Amino acid sequence: MKYEAVIGLEIHCELKTKTKIFCGCETGFGGDQNTHVCPVCLGLPGVLPTINKRVVEFGIKAGLATNCTINKFSKFDRKNYYYPDLPKNWQTSQYDLPIAEHGWVDIDVEGEKKRVRLTRIHMEEDAGKLVHSGNTIKDSASSNVDYNRTGVPLLEIVSEPDMHTAEEARTYMEKIKAIMEYIDVSNCRMEEGNLRADVNVSIRPVGSKELGTRTEMKNINSFKSLVDAIDYEIDRQTEVLEDGGHIVQETRTWDPNRGITLSMRSKEDAHDYRYMPEPDLPPIVTTDEQIEAYRKELPELPDARRERLEKEYGLSDYDAGVITASRPMAEYFDEVVAGGADAKLAANWIMGELAKHLNAENKTIVDSPVEPARLAAMIQMITKGTISSKIAKTVFEEMWTSKDAPEEIVKAKGLVQITDTKAIEEIVDKVIADNPKPVEDYKGGNKKAIGALVGQVMKQSKGKANPQMVNQLLAQKLG
Amino acid sequence: MTLWNKPAHELHDLLVKKEISATELTQDVLARMDAVEGKVKAFLTITKEQALEQAKAVDEKIAAGENISFLAGIPGAVKDNICTKGVRTTCASKILENFVPPYDASVVTKLQKEFPVLVGKANLDEFAMGGSTENSGFYPTHNPWNTECVPGGSSGGSAAAVASGSAIFALGSDTGGSIRQPASFCGVVGMKPTYGRVSRYGLVAYASSLDQIGPITRDVTDCANVLNVIAGHDDMDSTSSFAEVPDYTKSLVQDVKGLKIGLPKEYFVDGMDQDVEKAVRNAIEQLKSLGAEIVEVSLPHTKYAISTYYLIAPAEAATNLERYDGISYGERIDGADVVELMTNTRSKLFGEEVKRRIMIGNYALSAGYYDAYYLKALKVRTLIQKDYTDAFEKVDVIAAPTAPTPAYKIGEMISDPLKMYLQDICTVPLNLAGLPGISVPCGYSQKHMPIGLQLIGKPLDEATLIRTAYTYEQSQSFHKEMAELGGAEA
Amino acid sequence: MKVTKEDIQNVAGLSRLAIPDTETDVYIAQLGGFLEYVENLKEIDTEGVAPTTYALPMQNVFREDVVKPSLDREAALSNAPMKEDGYFKVPRVLEE
């Protein structure tokens, strides 16, 4: 039988507020253990929460940016469960009236547009961190608790089970990441846990409408883990069903080192969270005017920006998609173009040389040693014919390690393109004289043989000869 | 001069006139405490040294010619579910036996600005759950009028301290009557302000949507003065009202002419003590003779108030008390793993009544029962509120008994939890509706146990309550009598 | 509504309370008696009645996103039953 996977994601997105969601402690990543804590986030007897205004603003903006309806009456609830990283033994979250509901985002998978619906976005507090004495939680005789992260604001973005492949899930999560970056509500640094997902996977026979039993994998914190875990889980479930077994509804953990998912504990003791309205926090009431005001504050979002790049600059759908997938890259692109560079060349250079260099050194575009202004100046030199694309690569290498302007590099290294017909002609003549074989081939009808001759001219000119002129002169002289 | 038996306003005058010093006053109250505390057991922690230091500081201010505020140098007690930085705050629970808060409750911060003398932390029913202070995890408090009787609860320690002279004023908390009922049982004045009038930040939560801090004092004048200090919005409590706080001492006028006082028939319940009914009806007659108009009103959902309260309060309590798990503060009883540790800690260190309410609360919130119990109770709460809204269209104040009986014997009721719950019938409706209420002494039973008249006000209208209570109080002399520490043990 | 032994054990679990078998009957009787009493709420028609969660009609009470000082770590850990290297220490944690 052929099976189809059904995948839903609950993405937890840490918000970039200065303070925690319910108290004035700072949210900064790092910091010595238990130094960003106060009576409120420690859940001491007698304390009361207060809502960080910014969290509500971010929640509404995230809802608007993902086509959600904003609930004009929203409230917080207590989600009760006992865990030592949760000082009150309940998580202040939202239950039946989340800040935003019923949204969607479009994703592109293998050239096809697909819509993923969002069930809801709600605001909640993060829990603290357990540090285990052993290698894993299970072989630790004791654990240490750090409450710095307790109360850091989160948005939980819940999708409908609208995805069917790991690739779709990854693309969806990248899209959510892009949107959250664009609207500037989160740093989205996955390595710091700013963005992590609980993934629900089930499979069903192709054509079936009924959902299969699902398993949940918690706290997936990289795109690679997301893809690997889903692929593994689809295979595992398929195998179980093909062997005549049945899927157990359970939480599984993804072990990235071994590349497998492992059963944590089946839900024999199913959680009864006993949600109740949080009596210490008055409800959040939002008017149409406020919602519209927030909408006006939203920047251009990835989809709109992509469309604009295609229309305004004639970029291909693919290139525009890559450039706009992250706000910093899109902004970098805009700056390069604003600096006078040709847009298509700018896209090529950003996606090519720049991306290659960044990846090699594990840098993000924000930390790029080549600033948009210098790249723009260099691209202009290509357009003007001052340097060839090939020389430009040498110039780019120089710019990567120095602070020098491309003009200075070209000048200092004597990399200016030779456009003097006479100078090129001299080299061409010499090459024709020194290479009778390809000359003969060419004359004999093998037009491709000219390539070897062009190569020789370029080599002898140290790459500085204008390739178009070289071609032209060679063709002329060889008749 | 005997000082412990005087109300704060008289003592303030003596301090201002320099007829007494704050140290003298504090020593007198501490001496009284030494004499009676063995029988009354109103306190869980006594802070003598701190009190004498605070008194000395006030004396220095007076000597320096500074004007002193009303509560400066006046010995007071704070219920032990209100956090005091550096001073143990136990909630009368074994689970917090050695808990020392690193912060002050907002009311304590407000009090401290007035330089009172804080003599100690008053006993209560564990986590404020109870109406007799017998549920204290440490020891019961005794009624100063008859030490064989309960002082009421849960603020029994606060009321007994004020009634016995080991404090001049006290702060209590009231979730279902826990200020008013012990005030009634101990013959003192107790007010539960409107929900939100006083910050709850630092009040250890029992039922968050019902809890409110308020004063317990010798008379209405002191009540108005203490309320002036503690009322008002607090940024740390999102549910605290932004409404402006009037100067309540301006309401200390004897004038009820034309005031419409509602008399709800539902409050004079079957099985009500005859002495109570008589005393309360006499008080209402007295108010009438002072010029008030008495109007019959109906609060038809009153009979559902106990069910509603005892579903909502335990549900909120069940979650509020989840934090006592032996992990990051409080006492811990070890276990092989965290679940066992939490279970051991909670099972062995919570008292029976606390466990009972946690069980009721979690039952009402658990899957399958939420709608039938908890949600239903929240809806009936709306109807109870509406009863009052309707009644207050016709009247300015509602008068009723504070409790259906005077103080009963220690041990008499404790074995029957439901019977205990039913005693709260006159007080819980106000908490459900968020309304202010005050209990003022209005007479005695045949056994000379005090009886309280409860006055109920419109939301945020504590001023009218104070005016009515003051007018009544000044027309008789019950508030001038101090407890005699009678009873077999005395 | 009849309260069963299973109900008591389930709610005890949710409450992180151990109710020994010897006390189960007491809880069954007390909780049963209580639930019988609150049955009177069923007499009331609450169709269309909104639940009251908040005693006062308040809304939109917010705090500005401005950092306030945290506690000293020593104060934060001052009531800890067990601590180690600036952490709160707990015994073995089994997965949720």
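In chain A, the C-alpha centres of domain 1 and domain 2 lie 35 Å apart. Keep in mind as you explore that this is a predicted model.

**How the chains divide into domains**

- The domain assignment of chain A gives domain 1 (3-290), domain 2 (300-413) and domain 3 (421-477).
- Where domain 1 and domain 2 of chain A meet, ten residues of domain 1 are in contact with twelve residues of domain 2.
- Chain B is divided into domain 1 (8-298 + 398-480) and domain 2 (300-385). Notice that domain 1 of chain B is written as two stretches, 8-298 and 398-480.
- The centres of domain 1 and domain 2 of chain B, taken over C-alpha atoms, are separated by 26 Å.
- How many residues of domain 1 of chain B are in contact with domain 2 of chain B? There are 34 of them, and they touch 30 residues of domain 2 of chain B.

**A three-stranded sheet in chain A**

- In chain A, three strands make an open sheet with the order β6-β5-β16, and their pairing is antiparallel.
- Which strands of this sheet are at the edges? They are β6 (90-93) and β16 (276-277) of chain A, each of which pairs on one side only.
- Strand β5 (residues 77-80) of chain A is joined to β16(A) by two bridges, with the two strands running antiparallel.
- To find this pairing in the structure, look for A:Asp77, which stands opposite A:Pro277 in β16(A).
- A helix from chain B also takes part in the picture: α9 (residues 305-320) of chain B packs on this sheet and touches β5, β6 and β16 of chain A. The direction of α9 of chain B makes about 60 degrees with that of β5(A).

**An eleven-stranded sheet in chain B**

- Chain B has an open sheet of eleven strands, in the order β1-β3-β2-β4-β6-β5-β10-β11-β9-β7-β8, and the pairing is mixed.
- Why is one side of β1 (43-46) and of β8 (293-297) of chain B left without a neighbour in the sheet? These two strands stand at the edges and have a single partner strand each, so one side of each has no neighbour there.
- On average, and with direction ignored, neighbouring strands of this sheet are turned by 30 degrees against each other.
- Inside the sheet, β4 (residues 169-173) and β6 (residues 213-217) of chain B pair in the antiparallel sense over five bridges. Here B:Ala170 stands opposite B:Ile216 in β6(B).
- Helix α2 (residues 22-40) of chain B packs on the sheet, where it touches β1, β2 (75-79) and β3 (117-122) of chain B. Its direction makes about 140 degrees with that of β1(B).
- Helix α5 (residues 156-164) of chain B lies across β1, β2, β3, β4 and β6 of chain B, and runs at about 165 degrees to β4(B).

- The largest cavity has a volume of about 210 Å³. Its lining has 22 residues, and those nearest its centre are A:Val40, A:Val47, A:Pro49, A:Lys88 and A:Thr92.
- By class, ten nonpolar, six polar and six charged residues line the largest cavity.
- The second largest cavity has a volume of about 80 Å³. It is lined by 15 residues, with B:Gly130, B:Gly176, B:Ser178, B:Tyr309 and B:Asp424 nearest its centre.
- Five nonpolar, eight polar and two charged residues make up the lining of the second largest cavity.
- Domain 1 and domain 2 of chain B each give at least three residues to the lining of the second largest cavity.

**The second largest pocket**

- About 1,700 Å³ of space lies in the second largest pocket. Of its 44 lining residues, A:Lys177, A:Glu181, A:Ala325, A:Ser326 and A:Met329 are the closest to its centre.
- Which element gives the largest share of this lining? It is α2(A), with seven residues.
- By class, the lining of the second largest pocket has 15 nonpolar, ten polar and 19 charged residues.
- Domain 1 and domain 2 of chain A each supply at least three residues to this lining.

Methods. Residues are numbered from 1 along each chain as its sequence is written. Chains are lettered from A and ligands numbered from 1 in the order in which they are written. This is a predicted model: local features need pLDDT of at least 70, side-chain atom pairs count only at pLDDT 80 or more; totals for chains, interfaces and linings use all residues. Side-chain values use heavy atoms; hydrogens and water are left out. Two strands pair if DSSP finds at least two bridges between them. Helices (H or I, at least four residues) and strands (E, at least two) are DSSP runs, numbered from the N terminus. Contact means heavy atoms within 4.5 Å. Axes are lines fitted to C-alpha atoms, for helices over the stretch in contact, and angles run from 0 to 180 degrees between N-to-C directions. On a 1 Å grid over the protein atoms alone, a cavity is a set of points where a 1.4 Å probe fits but cannot get out, and a pocket is an open set with protein on both sides within 12 Å along at least five of seven lines; lining residues have an atom within 4 Å of a point. Grid points are joined across faces, edges and corners, and a volume is the space filled by probe spheres set on the points. Ala, Val, Leu, Ile, Met, Phe, Trp, Tyr, Cys and Pro count as nonpolar, Asp, Glu, Lys and Arg as charged, and the others, Gly among them, as polar. Domain bounds come from an automatic or database domain assignment.
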